[in-house]
Amino acid sequence: MRPSSPAAPRRAAPSTLVGPVAPILADAWIDLADNARAACGHAGGVNGADDMQGLLPAGDIIVELARLASVPAERPGRLGVRLRGDAHLEAALAHLPRLGLIAVEFSTFRDGRGYSLARLLRQRHGFAGDLRAVGDVLRDQLDLMWRCGFTSALLRDRDPLAALAFARGLHRAPYQPGADATTPIWTLRRAAATRA
Amino acid sequence: MYRYDEFDAAFVRARAAEFRDQVARRLAGELSEEQFKPLRLMNGLYLQLHAYMLRVAIPYGVLSSRQLRRLARIARVYDRGYGHFTTRQNIQFNWPRLADAPDILDELAEVDMHAIQTSGNCVRNVTSDHWAGAAPDEVADPRVWAEALRQWSTRHPEFSFLPRKFKIAITGAAHDRAAVQAHDIGLHLHSGSDGRVMARVYVGGGQGRTPFIAALVRDHLPAEEMFSYIEAVLRVYNRHGRRDNIYKARIKILVAALGVDAFAREVEDEFQATRREAPGPPSEEIERIAAHFGPPPFLDAPARSSSFEQARLDNKRFARWARTNTHPHRAPGYAIVTVSLKPISRDMAPGDATADQMDVVADLAQRFSFDEARVSHEQNLVLPHVRLDDLPAVWRALDEASLATPNHGLVSDIIACPGLDYCDLANARSIPLAQAIAERFDDLDAQESIGELKIKISGCINACGHHHVGHIGILGVDKRGGEFYQILLGGRADERAALGVIAGKGLAGEAIPDAIERVVTFYLGVRRDERERFIDALERLGPEPFEEALYASV
């Protein structure tokens with residue numbers, strides 16, 4: 001008999017901000033580009049940029065790519081940007097020195113574009129700030145994200161500590177280099193051969 | 001052949017342990033089917049029409065006798081006593097229980113095998129020439145690069161969630177037996193002017209509902225740069241391939257949309273950066289892998305074997321099998337043997353082997369073929385290195401196990417997908433049709449006189465049976481609830497790859513054997529001589545007269 005396919009409760013799981021090792025408890029970033037939050041009436045996500053010049057909240061803010069140019073340079077507080085999978089990366093590059101954080105959005109866990117954006121930002125364009133995975137981020141992807149250069153992730157999971165432990169289990173010596181410092185197996189092999 | 005070291009073994013065992021944990025969570029109800037699905041797919045476990053199906057990777061089709069015996073054991077213990085070898089050189093078990101899947105993966109890990117990336121939108125099992133290391137026309141051994149690519153692409157951090165699945169094939173011989181131009185990336189190794197191994201790179205081939213022969217994007221890529229180059233191709237595809245429509249998500253659609261030249265330029269720009277940022281394995285790693293694929297210790301044998309010649313004179317059945325199912329070898333005194341999984345019988349589907357048959361081939365591989373067997377994408381097994389002197393003994397053992405059907409490359413050596421008998425997606429049955437066509441041509445003399453003729457059958461437009469590149473392709477289509485079949489003529493999957501052209505209207509299943517017989521009879525009447533194969537005559541005369549013959553009495 002064909003096994004059944006019950007509907008998933010996944011969408012309802014709460015989000016927790018995590019780093020590779022532990023949940024991140026203190027985080028000052030306000031995500032103005034998060035439409036989901038805007039819909040819930042939280043931080044006031046804004047699409048129309050024109051009327052917002054003087055109304056940006058104080059502190060560290062994340063804005064949409066289209067608004068980046070209109071954020072005054074002299075504004076106090078750190079600046080971050082949210083990139084969708086189809087973002088025109090070149091448009092963000094000019095602002096890279098101003099940015100303390102780049103949030104890369106995964107519209108579904110199947111949307112793998114964010115992994116390429118992350119590696120390009122880290123390895124080609126030298127972005128050194130916090131690279132954050134947001135959206136449909138599941139425990140089974142965390143090890144891939146760290147390897148592509150993400151440093152934080154807004155994880156959807158009911159048990160974030162168990163999820164991090166699970167992801168650490170996945171994060172073993174890989175077969176290929178990535179954007180992080182993990183040593184690929186071919187280098188470990190050479191080291192083992194030299195020792196022998 | 002390649003043997004795992006501590007690093008490979010640790011990697012595969014950890015993956016198996018992880019999957020055990022995921023299955024336990026699923027069985028305990030902690031994971032929904034939707035949450036479990038991407039996890040099980042990463043380990044090759046599909047949900048099919050009747051049950052779960054486990055697809056096990058056989059990297060580039062190479063098996064040791066120990067590995068083949070283990071596949072036999074899995075078929076016996078966890079399945080219904082047989083397995084199905086696929087057109088991607090994998091094996092599928094059609095009836096495993098979910099609760100047993102972790103044990104099966106452990107059994108596989110014990111013999112350096114796994115089911116990683118046999119499904120999902122990632123780089124799939126890399127396929128290659130099933131005669132690698134044995135064929136006289138080989139320029140460079142593709143297994144070295146296929147193994148390096150297997151490792152490089154395993155749990156690649158950037159390319160595990162591509163728009164769609166991604167298939168790479170590689171060959172290193174003049175004659176392409178790996179159908180590389182029908183793949184997302186096809187690599188054809190050749191020898192550069194200075195003796196270096198170079199790769200011709202084809203991108204964007206594929207079948208399915210929008211078939212393409214791959215486009216040549218790079219003629220002379222130094223082989224050691226293929227990793228950076230493939231990284232560039234995959235990055236362009238990952239960023240720009242369509243994700244809004246599953247039927248337009250393969251790389252062939254992106255190549256067609258951008259145009260080959262624009263696509264190739266974009267890849268070239270990316271490659272100039274990836275070759276600095278992401279070089280492939282260092283040369284000593286390639287040398288380490290290559291050391292696993294050195295030639296076996298062939299005996300210094302004469303090119304002719306008098307015992308083999310005598311056996312051919314003494315036994316007509318053996319002589320026929322030797323003509324069709326053995327092939328010249330690069331080492332004098334040796335032959336390549338095709339073990340046919342296409343018996344002319346209603347009991348077995350193309351590509352199926354029972355556990356007992358797998359054990360027979362494993363024993364023969366151990367005794368007579370330096371412990372090696374191969375799986376071909378044409379769904380047969382191969383004993384790559386058999387001494388001419390040993391051929392009679394090998395034939396007797398194969399014949400006793402119903403594995404000596406003398407039909408390699410002939411009309412009854414049909415590729416067929418599992419079709420409606422097993423598959424969730426199929427519109428029509430493939431296996432009974434393949435059996436009916438094989439029965440129609442059950443006269444072995446007639447088959448041999450017809451010569452090379454590749455029939456390929458798919459039960460639906462997804463084209464798992466490669467119907468687009470069959471000399472005669474047959475596609476199952478659903479037509480007002482009945483099983484109808486469209487016929488294509490003139491496809492080929494070799495170094496002169498071409499797509500078949502749809503011939504006229506669809507036919508009911510029971511009319512197909514007659515139609516095939518008519519077109520074959522027509523060919524026999526028009527060919528110049530016995531050396532002009534079906535495909536040659538079709539290309540000389542064009543498909544029209546063949547089409548007319550196909551529909552002559554309909």
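**Two chains in a predicted model**

Student: How much of chain B counts as buried?

Tutor: Of the 554 residues of chain B, 58% count as buried, where buried means that 20 or more other C-beta atoms, placed from the backbone, lie within 10 Å of the residue's own, exposed means 12 or fewer, and partly exposed is in between. This is a predicted model, in which local features need pLDDT of at least 70 and side-chain atom pairs count only at pLDDT 80 or more, while totals for chains, interfaces and linings use all residues. Residues are numbered from 1 along each chain as its sequence is written, and chains are lettered from A and ligands numbered from 1 in the order in which they are written.

Student: What scores does the model get?

Tutor: The model has an ipTM of 0.92 and a pTM of 0.93. For chain B the average pLDDT, which is the predictor's confidence in each residue from 0 to 100, is 94, and 100% of the residues score at least 70.

Student: And what is chain B built from?

Tutor: Chain B comes to 18 helices and 20 strands, which are DSSP runs numbered from the N terminus (helices are H or I with at least four residues, strands E with at least two). Its radius of gyration, taken over C-alpha atoms, is 23 Å, close to the 24 Å from the globule rule for 554 residues, so chain B is as compact as a globular protein of that length; that rule is 2.2 Å times the number of residues to the power 0.38.

Student: Which residues have the most contacts inside the largest nonpolar core?

Tutor: They are B:Ile170, B:Val203, B:Val233 and B:Val361, in a core of 130 residues. Such a core is a set of buried Ala, Val, Leu, Ile, Met, Phe, Trp, Tyr and Cys residues joined through C-beta atoms within 7 Å. Helix H6 (residues 226-240) of chain B gives the most to this core, with 9 residues.

Student: What does B:Val361 touch?

Tutor: Apart from neighbours within four places in sequence, B:Val361 is in contact with B:Leu68, B:Val339, B:Ala373, B:Leu381 and B:Leu403, a contact being two C-beta atoms, placed from the backbone, that lie within 7 Å. A second, separate core has 49 residues, including B:Ala349 and B:Tyr523.

Student: Is B:Glu400 buried or exposed?

Tutor: B:Glu400, which is found in helix H13 (residues 391-400) of chain B, counts as exposed because it has 10 C-beta neighbours inside 10 Å.

Student: Now the interface: how many residues does each chain give to the contact?

Tutor: Chain A gives 36 residues and chain B gives 34 residues. On the side of chain A that touches chain B, the elements giving two or more residues are helices H3 (113-124), H4 (142-147), H5 (160-170) and H6 (185-195) of chain A, and the largest share, 6 residues, comes from H3(A).

Student: What about chain A itself, how many helices and strands?

Tutor: Chain A has 6 helices and 7 strands, and of its 196 residues, 39% count as buried.
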